[in-house]
Amino acid sequence: QFILKMAAVQSGQSETEEEKEIQPETSNDGSRTDGRPPAGSPGVPAPSPGAVKPSAPGEEETLRAVLRFLQKNNLSESVEILRREAGLPDEPEDQTGSESSGTGSGGQEAGGGVGDAGSLLSRVSAAPTPAAATVAAPPPPPSKVGAGDDRPDVNVVLSAYSQQGDPVLYDVYYSGLKKFIESVLDCHRAELSQVFYPLFVHMYLELVYNNHEAESKAFFEKFSGDQECYYADDLRILSSLSKKEHMRGNETLLDFRTSKFVLRISRDSYQLLKRHLQERQNNQIWTIIQEHLYIDIFDGMPRSKSQIDAMSGSLAGEAKRDSNKAKVFYGLLKEPEIEVPLDDEDEEVENEEGKPKKKKPKKDSLGNKSKKQDPNAPQQNRIPLPELKDSDKLDKIMNLKEATKRVRLGRDTLPSICFYSFLNAYQGLTAVDFTDDSSLIAGGYADSTVRVWSVTPKKLRRVKSAADLSLIDKESDDVLERIMDEKTASESKILHGHSGPVYGISFSPDRNYLLSCSEDGTVRLWSLQTFTCLVGYKGHNYPVWDTQFSPYGYYFISGGHDRVARLWATDHYQPLRMFAGHLADITCTRFHPNSNYVATGSSDRTIRLWDVLTGNCVRILTGHKGPIHAIAFSPNGKFMASGATDGRVLLWDIGHGIMIGDLKGHTDAIYTLKFSRDGEILASGSMDNTVRLWDAFKAFDELETDDFTATTGHIHLPENSQELLLGTYLTKATPVIHLHFTRRNLLLAAGAYNP
């Protein structure tokens, strides 16, 4: 255990919040409601501090020798952790590593952190520049995290399926339980039916592992049709595992084995099930329930079928109620006070009209709105953010001026939609992004290129060469214009560098940089002044599906096939945080508007919200029936929308951590969601070639948040999709892969024409 823990610390990993939660649970009636995977399995956390004690003086001497060796090599973090876990008393000369224990606010352990929140995040300089990362020293080799780690330990994982009972009786056991559940009262039947799917999976895998090929095939054919339709993809993968050899290294199998399937069941229903299994002496099923299931028991009325269906569908069942109880600071940070000067042009125009003061009250009201401190907002300095440069302040002033001309959207004033069709995109368009001011558009392609276009009359120009720059008078007023080379002016630029399809792109808020992520496992940072690659960030072991800049710049998030999301800073080679816990690919990543949280959507059909400061997972949201490809936060930071391949848009209350809406209408996968600038309208774009507009104001305004009964999970979703749908807009044959609201609330959409 020591070696494993030390290796994890040195490679930048530590326990995730998800791993910390896997503890043996006991129900109120004294029975153990879950088991524990064998020691050494992937996903099992290392022993808690103080759990490992040297049993003899000789062992203690050995440990002290190891400690001295680590100290000699300046591995202070490893010294501290080893000393803590071994229960050795502190020595005066060994205090070197005590300051970097990786604790966040309130003494919480930084679950996904690399080092200490203060030490790494506080390195933000006044005006950080990505070019600082272009030093010649190569980055250290990436640590193997995620799916790659599972394979060496697969035999340990699978050994849990050995020494099981008579294969002929599996059919009898399952049929008997099915008959019993079908005979109970309706109010209990829906809840108890939840055990069918996880039991079916584990019983089938036990048969396969113990080489009962004929019995496992018969078992699968007889009972697979009884499972819920949204598990069809998982069952298809499962059916391919018909021999013991097939099971080695299979990711889906390892997910089932190393993560407990969570069922939320009322106490009355649970007692019924327990009594039945004890009376029948059905130890086989009871063992599986204790080893592989986590039964989250609540007091109160059982849930209905529709309430259970709304929350189920993920790879590991529902989220535990405890997973969504952490406090989330979803409020917005206070905007810096910036004086908005009146332009000469504006003054002239207004003087002609004779009403020069008309604009000022609007600006003052905008300023006042941001001066009030939101009680739900995090502290302004909770995470260090880069200081505003003069150019940023100018941009904010422009933003405020645009906001005065913004159209207030609503049910009676829908936005105009401007659609950008990529014609003849035979290279395969895979990603699109717009700058915040809507002046640039970028596309990522399957041929590994990134293309940037100017959508204004202003053409794209490169900075002049070093020789030409030396001739420029740096004190002149128009120096920024003089450094640009007019000979290079063009409407578009092509960026070469990736060695695989580009899957995600993101402009920085200041429009100086562009991020792109690719199948080649890297995230690249491009300068939009020189149109060259500044840095290649290497940390992911497999394709990276998505990346996004923080709303304040400097930080960015990436997620991919290795199931680990990474938080980066533009001037650091290594990630600042690693968020591990998803059971399948991370398909989309988004920053919360206040930059203190990031949301990740995954093929495991869950959305997780992570705290940037501590690295902890503070929300696990289940309900989608397919991989999640779109996440959007409302402008006030209080709500979130998500879209998936199941064609549904789900709405979430972040503070309470529960689902508050289910919007049905799309007939294919949803790949993009966007709230209007005032949060009144939600736009969704889908592979069904449509853009749909939803009344977000009505969906959120009618909520009675005080009535939420999140403790039992009794949610009552209104069936009001048709009432909330404000409009459906068809393209001829163009799947919609990106949406963007301009500062004046014009909706821009984009996709590749697919004849």
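## Helix 12 and its cover

In helix 12, the residues Asp-234, Leu-235 and Leu-238 are buried. Because these residues span an arc of only 100° around the axis, they lie on the same side of helix 12. An α-helix has 3.6 residues a turn, so residues three or four places apart point the same way. The model described here is a predicted one.

The cover over the buried residues of helix 12 includes helix 10 and helix 11 (213-223).

## Packing of helix 10 on helix 12

Helix 10 covers residues 196-209 and helix 12 covers residues 232-239. The two helices pack at an angle of about 10°, and their axes are 11 Å apart. Helix 10 is therefore roughly parallel to helix 12, given that angles under 35 degrees count as roughly parallel.

On the helix 10 side, the contact is made by Tyr-197, Phe-200, Val-201, Tyr-204 and Leu-205. On the helix 12 side, these meet Asp-234, Leu-235, Leu-238 and Ser-239. Seven residues of this contact are nonpolar, one is polar and one is charged.

Strand 4 (residues 429-434) is mostly covered, with five of its six residues buried. Its pairing with strand 5 (residues 440-445) is antiparallel and comprises five bridges. Within this pairing, Asp-433 has Ala-442 in strand 5 as its bridge partner.

Strand 4 and strand 5 form a hairpin, and five residues lie between them. In the turn, Ser-438 has a positive phi of about 65°.

## Strand 19 and its two partners

How many residues of strand 19 are buried? Six of the six residues of strand 19 (residues 597-602) are buried, so the strand is largely enclosed by the rest of the structure. In a regular strand the side chains alternate between the two faces of the sheet. In strand 19, Tyr-597, Ala-599 and Gly-601 point one way, while Val-598, Thr-600 and Ser-602 point the other way. Both sets are buried.

Strand 19 pairs with strand 18 (residues 586-591) in the antiparallel sense over five bridges. Here Phe-591 has Val-598 in strand 19 as its bridge partner. The hairpin of strand 18 and strand 19 has five residues between the strands, and Ser-595 takes a positive phi near 70°. Strand 19 also pairs with strand 20 (residues 606-611), again antiparallel and over five bridges. In that pairing, Gly-601 stands opposite Ile-607 in strand 20. The hairpin of strand 19 and strand 20 has three residues between the strands, and Arg-605 in this hairpin takes a positive phi near 70°.

An open sheet is formed by four strands in the order 22-23-24-25, with antiparallel pairing. Strand 22 (628-633) and strand 25 (658-664) are the edge strands, each pairing on one side only. On average, neighbouring strands of this sheet are turned by 20° against each other, direction ignored.

Strand 22 is joined by five bridges to strand 23 (residues 639-644), and the two run antiparallel. One of the paired positions is Phe-633, whose bridge partner in strand 23 is Met-640.

Conventions. Residues are numbered from 1 along each chain as its sequence is written. This is a predicted model: local features need pLDDT of at least 70, side-chain atom pairs count only at pLDDT 80 or more; totals for chains, interfaces and linings use all residues. Side-chain values use heavy atoms; hydrogens and water are left out. Axes are lines fitted to C-alpha atoms, for helices over the stretch in contact, and angles run from 0 to 180 degrees between N-to-C directions. Angles under 35 degrees count as roughly parallel, over 145 as roughly antiparallel, 65 to 115 as roughly perpendicular and the rest as oblique. Contact means heavy atoms within 4.5 Å. Ala, Val, Leu, Ile, Met, Phe, Trp, Tyr, Cys and Pro count as nonpolar, Asp, Glu, Lys and Arg as charged, and the others, Gly among them, as polar. Buried means under 20% relative accessible area, exposed over 50%, partly exposed in between (1.4 Å probe, protein chains only). Two strands pair if DSSP finds at least two bridges between them. The arc is that of the directions from the helix axis to the C-beta atoms.
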